[in-house]
Amino acid sequence: MLSAVAARKARLAASQAQNTTPVAAAPSASASPPPSQTKQKAPPQSTSQRPPSSKRKFTAAAGGTAAKKKRREQPARYFAQASADAFKAQDDVIVVDESDAESSFSSSESSEEDVAAPRRTRAWSPSAPLADSSDEDDGDGDEPIVLDYPLSAPLDQVSVEPASALSSFDPVLNQNVFHLAPASETAPKSTVLLLRSGETVALLGTYTLTVLRGTITLAGVQLLAGHTSHPVYAPRSSPIPIIQCRLSRSTPTGRAPLLPALPERIADASPHFDAVLMLQELHTGIEGLGRICRTFDACFAPARWHRNLPRFDLGLDTVYFLARQTPDVSPLVVPPSWDAAIGSVMPPPDVDEHTLLGQGATYLVRGPKNAGKSTFARLLLNRLLSRYQRVAYLECDLGQSEFTPGGMVSLNVVDRPVFGPPFSHPSVPHASHYIGATSPKNSPSHYLESLQALIQLYHAELQDAALDEQPNDSRITSIVPLVVNTMGWTKGLGADLERKVEEIIEPAHIFTFAAPSPEDGWNVPGPSHSHPGGATVHAVESVPPSSLASYYSAADHRNISMLSYFHAVFPSAAPSTSSPLATAWDTSLPLCAQPPYQLDCQTALDQLVLTGAGTEDVVPSEVHRALPGALVALVTCEPGTLDSDSDSDTVSPSTLPYSPGAPPPSPHASRCLGLALVRGVRPHPHARLQLLTPVPARLLGEARVLVMGEMQLPVWGMLDFRTLDGGGEVAGVEKGRVPYLRWGKGEGAGGERRRVRRNLMRRGQM
Amino acid sequence: MQLPRRVPWESLAELEQVCSWIYSDENDLEAKQHAVNRLAAWRAAVPLPHALESAHTILSVLLQDGAAASSSTYLSLRMSYASAIIRLVNGLVDPLQLGAYARSIHSIAQQLGLPAWLVDLRHAATHEDLPSLEVLRDAAREVMTWLLHNYFLPTLNPSAPSSAPSRPLRPLAPLLKQYKTLLKATTRDATLHVQYRAEITRALRDIERWISEAKIASSATTGGVAWDDVSDENDDSEEDAREKWALDRLSEVLLEKGMLVPLSKKKRMSPGQGTLALPRSSVAIWSPLLAHLQALHPALPLHLVSAITAHLSRAVSPEASSTDFTADSVSLNMAVDEPKTDPSYDICLASWAKWLLDNCTSGVADADEAAELRENMVVRIVSALRPDRVDGGASRAANALLQVISAERPKLAAALSILSQNPSQSSKDVDGNVVAVMDTRLNALLALQHAGAADTLDTASTTSDARVPAENLQLPPGWRKLSERDGWRPAPIGVYVTCP
């Protein structure tokens with residue numbers, strides 16, 4: 001929207017300069033002036049005044065209707081909008097819901113690093129970096145390489161589909177689609193699809209996918225026929241993964257026997273097809289999250305206004321076949337440069353494992369926010385998993401973490417590809433450290449130290465930890481490669497941190513995203529420093545945010561991740577070789593109605609630490625006022641690393657073990673096990689806490705330290721979704737009387753949280 | 001649906017207690033220390049409203065000042081005071097920077113009722129010599145009083161009117177007159193243009209500034225400033241409302257006689273040209289302003305056209321209102337405002353509507369946007385003027401406007417002719433059966449939805465119950481999983497449920 005204002009300004013200035021009255025002006029043919037032209041109008045001394053904020057919506061000067069319309073019409077990436085009349089009509093229906101979502105559903109918090117508004121190219125940006133001195137000297141250790149590898153097979157056919165078609169597969173019951181009778185009443189229903197080479201299938205919902213014969217790619221990841229079934233979560237809130245049938249090159253034995261014994265009618269039909277896959281319903285309760293956080297209401301089903309469209313019925317309750325693109329879904333697109341870049345770092349097939357041992361296997365993904373970093377990192381992880389039995393994933397992005405809720409850095413070990421947005425695979429990480437905020441800006445050194453501890457742990461425990469060879473698994477076992485996703489904060493302190501992170505990690509390969517527009521900083525190729533190990537830098541193209549970005553903001557995604565975590569059910573068995581992922585979600589009850597743990601602070605707790613700016617001033621007698629509704633990290637410390645002296649001196653045993661200004665436990669001697677919600681505190685006579693946490697009970701005994709940061713439970717989590725459409729009572733308490741919550745507008749001046757405008761212009765800039 | 005907001009207090013009584021700690025006795029430092037401690041704990045719990053955070057900082061400095069001056073230098077004390085005041089003023093003013101351009105802090109402070117010398121102090125403390133301790137102490141006291149009247153009291157007594165009402169909006173007419181005079185001079189004598197250029201620019205900016213002030217004033221009339229984080233994502237709608245309000249006020253003033261419509265009746269018509277042609281002098285005077293404002297407020301033409309058609313349709317309807325009891329008072333007021341109808345005024349307004357329709361899109365680059373804007377305007381005109389009444393007692397102006405518009409749009413003309421042919425009682429003929437059918441369908445749909453929801457809830461709750469007992473076995477010492485058997489009951493988050 002900023003661009004709209006800037007363009008109008010420029011036009012106004014131009015018309016005034018020409019001293020013409022607009023009466024005579026024909027409908028302006030000049031369109032918007034080129035960015036460079038407007039840029040010159042900006043006085044240079046003002047460049048440093050306003051850092052960018054693409055977050056703040058800038059509606060004061062732009063007309064509501066016009067602006068909204070514009071946003072709505074933003075085409076989904078790579079796919080032209082349908083021009084049929086029916087689509088137009090649907091488009092109109094959407095408006096209602098969108099404005100509804102915007103006006104009534106809103107996230108309860110947003111940090112300034114959020115990017116909520118869809119990115120638009122800006123005609124003029126006050127934040128355009130001047131030539132940065134650090135960009136000038138190229139690192140000598142890096143060798144940017146040109147990517148023009150001949151690909152063995154094109155993987156990007158998805159992106160050249162005819163416009164508006166998501167699936168080229170034309171389903172016909174009992175020809176290429178077969179319903180399987182469930183083995184029992186309770187067993188999930190299954191359907192078998194027979195695909196020809198090149199055909200694509202787009203499915204919405206939750207399902208498990210098993211390839212029975214042939215080869216397919218799912219979301220850019222190749223899946224071979226085998227016994228493995230992959231759970232797939234494809235909500236509308238994220239790009240839809242596309243299944244594509246690939247020509248299997250290595251089928252000398254021809255139509256290999258189908259893995260399970262399939263009914264004859266399928267076996268008879270299958271020789272005419274290249275791949276056979278089985279879809280199964282997946283019931284995990286994850287769709288219940290939409291009832292809790294209404295921004296994601298029914299996101300695993302087609303939008304209300306498309307629900308009645310004629311749609312091929314797959315015979316499964318949780319899966320919807322998407323033949324054409326509708327405005328509410330957009331496909332996951334894998335640009336060719338991503339494929340090429342990933343292909344170039346994969347070990348050649350049939351390589352001897354031992355020759356790989358000396359080579360680095362650490363892959364770092366960096367770039368500005370909203371460039372597609374996380375999507376790329378997930379793709380890289382999944383692709384590596386086709387060659388390695390286990391892959392480690394180090395998350396450095398505190399705002400939008402892949403495997404955990406925000407606010408922590410974590411190291412995960414993954415042994416099978418993950419298909420779905422981050423909120424569909426919360427985990428109990430291999431190791432993690434709680435930072436306590438969505439940005440490291442308040443604790444940069446603790447952040448770096450935490451990353452250092454994790455990378456040391458990786459080198460010590462994971463890197464070369466060989467597993468026993470599994471039968472039927474040809475993947476490499478002796479090496480566990482590491483994928484590192486960095487935060488998208490690439491300016492100021494962020495750039496400084498980013499550089500230090502790279503020094504700590506010493507990646508062998510760096511994937512760097514080109515900025516969508518040169519104004520957004522992050523000049524590519526810009527390795528402005530030398531990597532000690534001499535990293536190879538691969539430039540990859542950034543993907544414009546899909547149309548979904550206008551429906552779901554970064555804060556929305558952070559909220560759903562947090563709520564997904566607290567409703568998740570983790571397997572209670574001891575961990576195998578990988579970090580356990582959530583297998584189900586208990587969404588039958590809101591958090592306020594879930595029975596908590598009660599812990600006796602004297603027996604179960606060694607220390608309570610408050611982190612975050614200004615928390616040093618919280619005195620022990622008041623600390624219980626800060627705790628109701630707070631998010632705390634459950635931290636385990638190595639014995640002897642806590643100074644227990646201070647406890648016995650200043651804190652009487654019956655109160656909370658808190659001393660002001662205590663630093664968080666050193667990351668080198670502690671680990672964060674997960675998060676908990678303090679749902680109640682009793683400070684006297686014997687301090688007790690009531691906690692809600694999804695962390696498996698077997699781990700709770702180690703968690704003797706609680707660390708509270710700045711993270712907040714999304715306000716959705718404090719509500720009672722069962723009464724949301726009615727009176728809005730929370731656990732039987734009527735709406736106006738719910739403690740710690742307040743409805744309606746605040747009165748009086750300064751009743752709101754401070755907010756910062758970074759796009760304010762001065763008069764002189766006209 | 002409106003989402004609530006997190007607050008650090010369990011109930012307003014807790015905020016009241018903090019307020020009494022701060023204000024009941026100015027010299028009771030111990031009570032103030034209580035308040036500071038409580039506010040510090042609250043601040044750790046949730047981000048505080050800006051007023052509370054400011055109260056916290058200033059109280060801390062007051063305590064530092066009152067405790068022992070020997071412990072630190074007076075410079076650090078002055079620095080503390082100064083930064084507390086700077087942050088207070090900035091935090092109050094920043095949320096009201098709603099426009100594209102920065103407004104002066106003074107004008108915003110005026111709207112807020114914040115003493116002007118605090119703004120000066122902020123400036124001095126930021127850019128000039130650090131003010132003296134004496135001034136800073138005075139300022140801190142003043143700020144605390146201001147917060148009591150403008151934050152604590154209104155928050156604790158939501159119904160009580162604010163003791164310091166914001167200033168009424170200054171009149172716009174003088175600004176417009178100033179502009180008109182300038183433009184009149186330059187259009188008559190082009191050589192004056194260079195001489196007056198600076199003044200014209202200033203006049204334009206004055207008008208712009210008035211619009212942003214009007215936006216803020218609108219928030220006073222529409223009831224308080226919004227809580228930030230709830231409204232964060234729906235800024236759109238709220239700012240729309242403010243902008244709408246401001247633009248409507250602007251349109252009202254523009255429509256007054258002597259503004260868009262010249263005072264002299266002779267100057268209102270353009271002789272010798274087609275119907276609804278504006279005199280060239282009017283266009284020359286006002287189009288630069290309209291174009292300038294439209295660049296900043298794209299919805300302006302819409303609002304102007306709405307105001308014009310609203311006036312025209314009022315002129316149309318007096319006879320109708322005599323039968324309508326509810327509209328009685330309104331029509332009476334109007335009768336007072338405009339004792340007799342003024343046909344040339346109406347015609348001139350209609351001409352402006354036509355002109356806006358033809359010219360408003362010249363500043364819009366995007367063809368789609370332009371078309372949409374034009375379409376919206378036609379819709380407003382047609383719906384406001386009620387073409388079904390045109391044959392009746394419509395004024396000449398409204399009639400002419402409709403005719404001109406429909407002459408250029410054949411489809412509209414056809415639609416209008418159908419509308420005006422239809423006898424007005426056709427609406428009574430709407431079949432009651434149709435409504436009944438729609439009703440039953442709606443009920444059927446609603447019933448379906450309810451059945452579905454109940455179904456999923458039931459199945460889910462049975463599964464969750466089965467899982468609870470197994471977990472208790474492995475819990476470490478000091479931990480205990482509560483259940484309903486222990487006396488635990490659901491309660492809002494934050495409430496400790498006592499279990500024996």
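Student: What makes helix α12(A) count as largely enclosed by the rest of the structure?

Tutor: A residue is called buried if 20 or more other C-beta atoms lie within 10 Å of its own, exposed if 12 or fewer do, and partly exposed in between, with C-beta atoms placed from the backbone. In α12(A), 14 of the 14 residues are buried, so the helix is largely enclosed by the rest of the structure. This is a predicted model, in which local features need pLDDT of at least 70 and side-chain atom pairs count only at pLDDT 80 or more, while totals for chains, interfaces and linings use all residues. Residues are numbered from 1 along each chain as its sequence is written, and chains are lettered from A and ligands numbered from 1 in the order in which they are written.

Student: How do you know that the length of α12(A) agrees with its number of residues?

Tutor: Helices are DSSP runs of H or I with at least four residues, strands are runs of E with at least two, and both are numbered from the N terminus. The expected span of a helix is 1.5 Å times one less than its number of residues. Helix α12 of chain A (residues 554–567) should therefore span 20 Å, and its end C-alpha atoms are 20 Å apart.

Student: What makes β7(A) largely enclosed as well?

Tutor: The strand covers residues 242–246 of chain A, and 5 of the 5 are buried, so the rest of the structure largely encloses β7(A). Ile242(A), Gln244(A) and Arg246(A) point one way, Ile243(A) and Cys245(A) the other, and all are buried.

Student: Why are β3(A) and β7(A) called paired?

Tutor: Pairing requires that DSSP find at least two bridges between two strands. Strand β3 of chain A (residues 200–213) has 3 bridges to β7(A), in the antiparallel sense, and Thr200(A) has Gln244(A) as its bridge partner. Strand β4 of chain A (residues 215–218) is joined to β7(A) by 4 antiparallel bridges, with Ile216(A) opposite Cys245(A).

Student: What makes β13 and β16 of chain A edge strands?

Tutor: Chain A has an open sheet of 7 strands with mixed pairing, ordered β13-β12-β11-β14-β10-β15-β16. Strands β13 (431–434) and β16 (536–540) each pair on one side only. For β16(A), the partner is β15(A) (residues 509–513), in the parallel sense over 5 bridges; one of the bridge pairs is His509(A) with Thr536(A).

Student: Which residues have the most contacts inside the largest nonpolar core?

Tutor: A nonpolar core is a set of buried Ala, Val, Leu, Ile, Met, Phe, Trp, Tyr and Cys residues joined through C-beta atoms within 7 Å. The largest has 232 residues, and those with the most contacts inside it are Leu203(A), Leu277(A), Leu380(A), Val483(A) and Ile85(B). Two residues are in contact if their C-beta atoms, placed from the backbone, lie within 7 Å. Beyond four places in sequence, the contacts of Val483(A) include Tyr363(A), Ala377(A), Leu380(A) and Tyr393(A).

Student: How many residues of chain B score at least 70 in pLDDT, as a percentage?

Tutor: pLDDT is the predictor's confidence in each residue, from 0 to 100. In chain B, 73% of the residues score at least 70, and the average is 75. Over residues 318–339 of chain B the pLDDT is below 50, and this stretch has 6 contacts beyond near neighbours in sequence. The model scores ipTM 0.75 and pTM 0.68.
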